Amino acid sequence: MDKLLYGVAYYDEYMPYERLDKDIQMMKEAGINVVRIAESTWSTHEPQNGVFDFTSVDRVLDAMHAAGIHVIVGTPTYAVPTWMVKEHPDVLATTAQGPGKYGARQIMDITHPTYLFYAERIIRKLISRVSKHPAVIGYQTDNETKHYNTAGDNVQLQFVKYMRNKFSSLDELNKEFGLDYWSNRINSWEDFPSVVGTINGSLGAEFAKFQRQLVTDFLAWQVGIVNEYKQDGQFVTQNFDFEWRGYSYGIQGDVDHFAASRPFDITSVDIYHPSQDELTGIEISFGGDVARSTKQSNYLVLETEAQAFWHWVPYPGQLRLQAFSHLASGANMVAYWHWHSLHNSFETYWKGLLSHDFEPNPVYNEAKTIGSDFARLSPKLVNLKKTNRVAVLFSNEALTSIKWFGFNFTSDKNYNDVVRWMYDELYKMNIGCDLIDPSVESYADYDVLVVPALYAASDALLEKLNQFVQDGGHIVYSFKSGFANEHIKVRSTRQPGLISEACGISYNLFVEPKHVALRDDPFGVGEEHNQVHTWMELITPTTAEVLAWYDHPHWGEYAAITQNNYGTGKATYVGCYTSAAVIRKVLERVMKEAGVWGADQELAFPLIVKTGVNDQGHTIRYYFNYSDAPVSFKNPHGEGTELLSGDSIVAGQEIKLERWGVRIIEQH
Amino acid sequence: MDKLLYGVAYYDEYMPYERLDKDIQMMKEAGINVVRIAESTWSTHEPQNGVFDFTSVDRVLDAMHAAGIHVIVGTPTYAVPTWMVKEHPDVLATTAQGPGKYGARQIMDITHPTYLFYAERIIRKLISRVSKHPAVIGYQTDNETKHYNTAGDNVQLQFVKYMRNKFSSLDELNKEFGLDYWSNRINSWEDFPSVVGTINGSLGAEFAKFQRQLVTDFLAWQVGIVNEYKQDGQFVTQNFDFEWRGYSYGIQGDVDHFAASRPFDITSVDIYHPSQDELTGIEISFGGDVARSTKQSNYLVLETEAQAFWHWVPYPGQLRLQAFSHLASGANMVAYWHWHSLHNSFETYWKGLLSHDFEPNPVYNEAKTIGSDFARLSPKLVNLKKTNRVAVLFSNEALTSIKWFGFNFTSDKNYNDVVRWMYDELYKMNIGCDLIDPSVESYADYDVLVVPALYAASDALLEKLNQFVQDGGHIVYSFKSGFANEHIKVRSTRQPGLISEACGISYNLFVEPKHVALRDDPFGVGEEHNQVHTWMELITPTTAEVLAWYDHPHWGEYAAITQNNYGTGKATYVGCYTSAAVIRKVLERVMKEAGVWGADQELAFPLIVKTGVNDQGHTIRYYFNYSDAPVSFKNPHGEGTELLSGDSIVAGQEIKLERWGVRIIEQH
Amino acid sequence: MDKLLYGVAYYDEYMPYERLDKDIQMMKEAGINVVRIAESTWSTHEPQNGVFDFTSVDRVLDAMHAAGIHVIVGTPTYAVPTWMVKEHPDVLATTAQGPGKYGARQIMDITHPTYLFYAERIIRKLISRVSKHPAVIGYQTDNETKHYNTAGDNVQLQFVKYMRNKFSSLDELNKEFGLDYWSNRINSWEDFPSVVGTINGSLGAEFAKFQRQLVTDFLAWQVGIVNEYKQDGQFVTQNFDFEWRGYSYGIQGDVDHFAASRPFDITSVDIYHPSQDELTGIEISFGGDVARSTKQSNYLVLETEAQAFWHWVPYPGQLRLQAFSHLASGANMVAYWHWHSLHNSFETYWKGLLSHDFEPNPVYNEAKTIGSDFARLSPKLVNLKKTNRVAVLFSNEALTSIKWFGFNFTSDKNYNDVVRWMYDELYKMNIGCDLIDPSVESYADYDVLVVPALYAASDALLEKLNQFVQDGGHIVYSFKSGFANEHIKVRSTRQPGLISEACGISYNLFVEPKHVALRDDPFGVGEEHNQVHTWMELITPTTAEVLAWYDHPHWGEYAAITQNNYGTGKATYVGCYTSAAVIRKVLERVMKEAGVWGADQELAFPLIVKTGVNDQGHTIRYYFNYSDAPVSFKNPHGEGTELLSGDSIVAGQEIKLERWGVRIIEQH
């Protein structure tokens, strides 16, 4: 990327009156240099089967080009037109809840040939038309693509073929998945039942994996088509999203980010997050770390919030803080969804940079300063290279497995809770990290791996982790790691299975803690934070040092948290769900042991530090104040220049940040 | 009406043994002078297709007539017989949840010709048989009629025709409803999808309006049939109900009370409400105000609770308090649902005046005193004329729009919460008011309009409201008023749209308040009540005076509540959801400014005052003690007679009310 | 039974690797002398339609026999194979939610001839093959059989025939069930609607009764088949379960335990219960009392928890406490579900005696001591005869009726809450009792009947209860007893209907108490416990003595709890839902009045005493410490021997129990 992109999603089609010239004028004033168009409006561009109308695309491209604004064109396939559903109702995905109903987006069967036929045609029509337009710098295929729980008869049939291909025999399948249980054996391929009602976790999880593969295949197919038209210098990307809890919370279980991103030139994501007093920057960092890690490269934030939905209007300063936080994680583009607030339909309260009245407002006015700073500082800030010595290892298989075999009857915690429990503390300690999945081949570049709830994992993966420790690496495992294989077959060895030896522990009992603390508050976090909740394993150390014992009249003989030297490395095992304070202390200890602790780690949330190296080979340090009160710190590094102000900074100099403030120091 | 009616719903068909003579004897003792019959028992009166049996109707009519008790006959169309559903299962309404299941009442498609054919036949058979019976004074068509979410293919087809009739072209429709969004455009009428799955609020709301029209049409059709038989002096009415929250809470969104009541001779309602310590009289007043306002005339309470459902057995005195409260709002009839408690089926615990044992009980005994007082005081109390200077403007369109575009992810508040938030304080301040909808042509008779959350409103309506202020009227708007047009298309001007100038304000940002108060407690309500919740608009005054600013580190520059002189009137705008205490203070201020404040307003809940003028042209003042402790007050008016006791009252005299007590003073 | 059985459910089919010899060795070490097999694995034993493979059955039988371990063989009919559902999808039960989906167990229509055909074939194949094997001591038919809500068209047709058979005419049915209401009359048998949507409680309850009859019939049919093969000395049993609240809570509404158990040789149950700090022994006692009462004989616990599901790993000592508690209630067998923890599928966390690693663990090690003690003490402890003077009368009809006509809008309490409210206090006072249903012919052996919420009851049943009092018996009725007849038709007499005279009270009003206490704390339980909740009847005593009045400004004139001499007996009526403390005091009073109070009742929970007479005619007294702290008591009885230790015990000797401890004293 040759410069920072600052953009918006733009919908000429939705405008209540002619706005194009006025909008472009206002965009220019705000420093917007890229817009994304077309990804949502198939029914506008193909109003009837085979009748095409790209008027709005053409005019926007021409007008943007005239204004020097780049355009990313989306393939409009994630929302199907009325005529298609009227002609072929079966393009809607049949799910466990039955046939689909027209209305929303992302409701079709992404494997259905009728859908694929029409999708291919509109893609070719649109992309062939725009690819040589000088405004176009890239393409987005589809949008936030997932499998939409498609599970109709045709999908079941594909799944049977997938299973037949995967397993050499039904006997092997029945054995590996434990299908004798409750008379679920499949003794003839013809008997293979629809799995929408299955109670077999192995089968259910395998179907989920198959559904993720459908997404990977679908996106690769789209990329292949678009690549036929792509010109030199243009890119193809996809806009990935995350587990949604009213905001972008964690790993998305309905798509495999690493596998799906492979055919793309660059990875993009959308990140929405709480604002106002709840703004922490964690989601910005988390989503960015995933996106960057997929290709170990810079990424684009294709959508993030301006005023955001409902009433997360940012406080003054927060929009700036957010924008630079994206850059600090390695983004080369920050784009808002969306330019203007919608006057109808569904996301009317998912407000844009402009409110419904299209007038300048405090948020838009703050965006102007961002656009200006982005343009001015682009050469210093674009293409930030980040090299992290720590990685969090997540897994879609583990995520699915914890859906099937979670914590207890009453807990609503899932896999991502465990991921975030560990990730959040790394973030707050200013430990930069990658977020990698099991497909990553080598851990050689990392000193520390943090491994939350790796419940479902192949022998090969666990052995690779053992080797990492053997070779001098540090791992922090949470509870429930190593328990089952990749088919969620629980290991019949002592737990935690293949990592027992490296961890120097074993257990075969686990309970739900009630009023259980860690004995003698070993991490000095105080009574309130010294509690264990949700899950505890009754660990017997073999070679491990015990960092914490349970404080309980009956389980006091068991270890809660342990650490073991193995080869030249060290494996730490956290056998219970602790408070944030305790896991932070454990992580801090390991980071120090691994030598991953420096001056920036002596600072801590709400003062966030993010680091990288720019195109000139200089170290860039971002300092963010994620709080509503001013903070200050003494520059722990050498001389540099604060880029926003142009001020020189010397070692030890006190640096003050206003509330929600940002400083960017380029080291000399 | 020539006298007060005191009645019960009576079901001879449900009796476990022959009771008619005994029941009538007990009714006479209680002063019951009217019964409603037949509306629930189609399957008894037409046991087989085309076979009729009106035995129970005939005998009840004869016996009641002999006893001098009037009868209102209901058309039994709201609950269909088994034989009809067995023959034609498709008479059951298909809803978004799929085809209907037989069992409950109010489950049929009120547009289905099969249903209409059978309904017409039973109506004609029944009404032609009874119309000349001297016991019959009127008819109820159907019961609590609503659209029952009917949304099958036939209804969708009718809706497409309705839309084609309403919109000159699809382009206009697509534009107005914003259907480009998410590829929802309809480019050919043949493509019009079923709207049960729509995510487009404009389309969803229009369908809801269409469904309400189906109810209006259905009732008008029934009235037309019944009118063919109606004799001089007889009336036709419908029993409307309200939003149900375990009791009659607010405006009923599934029928348009004003439009539907037009063909009827008189409006009736059913009102159920909490009892015992939760009895406030608000629902009695609210439902009565709606009913009275539909025709600016007296109304009937066709159903209200005796012992009521589950365990809302009234405390001693409450049944009397309730009965006179109905009269005080303009009712000419108070009838209990129902005479006796049911021994089977579903509403077994929705108890009647009599318990299952048919014996006199404390509630029945209290009814006797009411019947006696009604009979004695009927000439004084019947046909109470009420002239209110204040009206609350509600709107079914606004109600639906708030369903689509409510407050935030976690709030369960809907339109009626806002209506009641304002209405309840008017009630508690003894401000008599009408409850009118946008179909009311002139506001000339009112001094003050209170306008809760008028989110969806046409330009014409807002201009009419502006004119009202211009001409000297007072309006109190709540937040979210004026935001969108009648198709829930958000206005693309500054907010609050067309009323901005009259209110002297504008805003384009709004947030969800957390820990937000009004600065310096401007209404002196104390810290607990000075909080803002759920919704706040960030208002900039243009010409308005600011009554309250937000107290917040970032939003403190914005106004919360404003008041603006416009023309010769004044518009007050409440931009946030406040406590009851704050809205009360705002309303009190406006009422005083508008001169709608007198001696009765110096009294307040739990001492409720209701006023009107009787047939003799005398002012009648009801005083109600809605509390479990005695209250007293000094008569702020001139001489009069307390009608229940016959005592003379002089100005300034202290009047004591026992707990749950009632006084009725006729001014001399 | 000639000895105590100590067993496990064993699934050779589920093993991840060859384990049989090793498992048997470990069983022997633990004293396991019986296993249950085959009930869950139809698809293993009949892998294709008509192809049979009993390899695992054969090999397990042979190996167990060689080791001297008995085997109970289950008919594998509660979980259907994939091939059957693929061939005949309609074997899955159609319920109110629509057609079934394959996946879980217990999803078929137990009336479907296709299912019955295949079920009969596999039963005959399996049982004929194993019946003469010397290892086999008995059979279990199906498992936890219930009706699975089967309600498809074929079931509806059977129900119409059942109804036609039951009622002489539709007029009688319409009258008795109150079908005139809401036009539900059925005027021709052809019109009989499916009842899945009915709102008529009488109809709904009758259908539930019919569904229970289907279960009784189905089980009797299975027993008939198995009996054709059963050899001398073998038994046939069924494994009943209970209302499930995450554990075995109360009466199972979907099967009629007394009727269904009739054709069986012995009754079995499964009992799961909270553990650790929540272990009370109540569920063990409750389930045992039901099981024992069905045949007034010893019973088997075919399944109970070892480590149990999720994390109810027992504290040290608890597994022993539980095992002897089962014996103390009359069990002759205690078996764990299951031997080993499952490595796949659904109940992976419903852990067995062994964890997934098959290694000895603390729970298994404790089982070894139990096996050893069972073997040693079997002659003393087997066939414990229990003779109780108190019975709790429960009723499936009452249970269903309370589902239809429960407490109020917000309460989630059901019939079993009331049963347990009374039962639990009996348990805690060490009052041994039977749990009987209305089919029990004579109450002559009892001194006291405790009757919770007998809402639906025939005249005959109530007259029988009156006669019991008349003849000198004591009854404690709770609220809602006697209210409706067996068709849930509310009685049209004063309440509580036919028992009014015996109770010396009447009422016809009832309310939901809010802030209502009993006046002057008549039972001295303190303010916190003196509250009334959920339900209160406004009782007027006629001849009864009032034990408690309500404390309330309006309901203070009514009685809450009364007691009446009737004939030579006494009827106590508790008209409101009280705290545990109050109902305990009431029950204690009655027990003392009835002379059912002795030395063991002076002890109380957590010290539990259970008594019986062994095969030698000696009294056996079990003492259980259901707490985490030691307790001690002075032996209130004569000399004896503590069987576990062999120590002699004298009268008045202090006996100490460690936490969760057990003592068994055989009286000399």
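Student: In which sense do strand 29 and strand 32 of chain A pair, and over how many bridges?

Tutor: Strand 29 (residues 640-642) and strand 32 of chain A run in the antiparallel sense and share three bridges; since two strands pair if DSSP finds at least two bridges between them, the term applies here. One of the bridges sets A:E642 against its partner A:I665 in strand 32 of chain A. The model is a predicted one, in which local features need pLDDT of at least 70 and side-chain atom pairs count only at pLDDT 80 or more, while totals for chains, interfaces and linings use all residues. Residues are numbered from 1 along each chain as its sequence is written, and chains are lettered from A and ligands numbered from 1 in the order in which they are written.

Student: What joins strand 27 of chain A to strand 32 of chain A?

Tutor: Strand 27 (residues 619-625) and strand 32 (residues 662-667) of chain A are antiparallel and are joined by five bridges, with A:Y623 standing opposite A:R663. Both are called strands because they are DSSP runs of E with at least two residues, just as helices are runs of H or I with at least four, and each kind is numbered from the N terminus.

Student: Why does A:L657 count as buried?

Tutor: A residue is buried if 20 or more other C-beta atoms, placed from the backbone, lie within 10 Å of its own, exposed if 12 or fewer do, and partly exposed in between; A:L657 has 21 such neighbours and therefore counts as buried. This leucine is found in strand 31 (residues 654-657) of chain A, and, leaving aside neighbours within four places in sequence, A:L657 is in contact with A:Y623, A:N625, A:P630, A:V631, A:S632 and A:R663. Contact here requires the C-beta atoms of two residues, placed from the backbone, to lie within 7 Å.

Student: Which residues does the UniProt annotation "active site" cover?

Tutor: The record, an unreviewed entry, places that annotation on A:E144 and A:E303. Although these two are spread over 160 residues of sequence, they cluster in space, with a largest C-alpha distance of 10.6 Å. UniProt positions are given in the numbering used here, feature names are shortened, and annotations may be inferred rather than shown by experiment.

Student: What makes A:E144 buried?

Tutor: A:E144 has 21 other C-beta atoms within 10 Å, and is therefore buried. This residue lies in the loop between strand 4 (136-140) and helix 6 (153-166) of chain A, and its contacts beyond four places in sequence are A:Y78, A:N239, A:D241 and A:D270.

Student: Why is A:E303 called buried?

Tutor: A:E303 is buried because 24 other C-beta atoms lie within 10 Å. The residue belongs to strand 9 (residues 299-304) of chain A, and beyond four places in sequence A:E303 is in contact with A:A9, A:N239, A:D270, A:A335 and A:W337.

Student: How far apart do the C-alpha centres of domain 1 and domain 3 of chain A lie?

Tutor: The two centres lie 31 Å apart, and the contact takes 19 residues from domain 1 and 18 residues from domain 3 of chain A. On the side of domain 1 that touches domain 3, helix 11 (318-328) and helix 12 (362-381) of chain A are the elements that give two or more residues, and helix 11 gives the most, with six. The domain bounds come from an automatic or database domain assignment, which divides chain A into domain 1 (5-88 + 100-144 + 218-381), domain 2 (390-595) and domain 3 (602-667).
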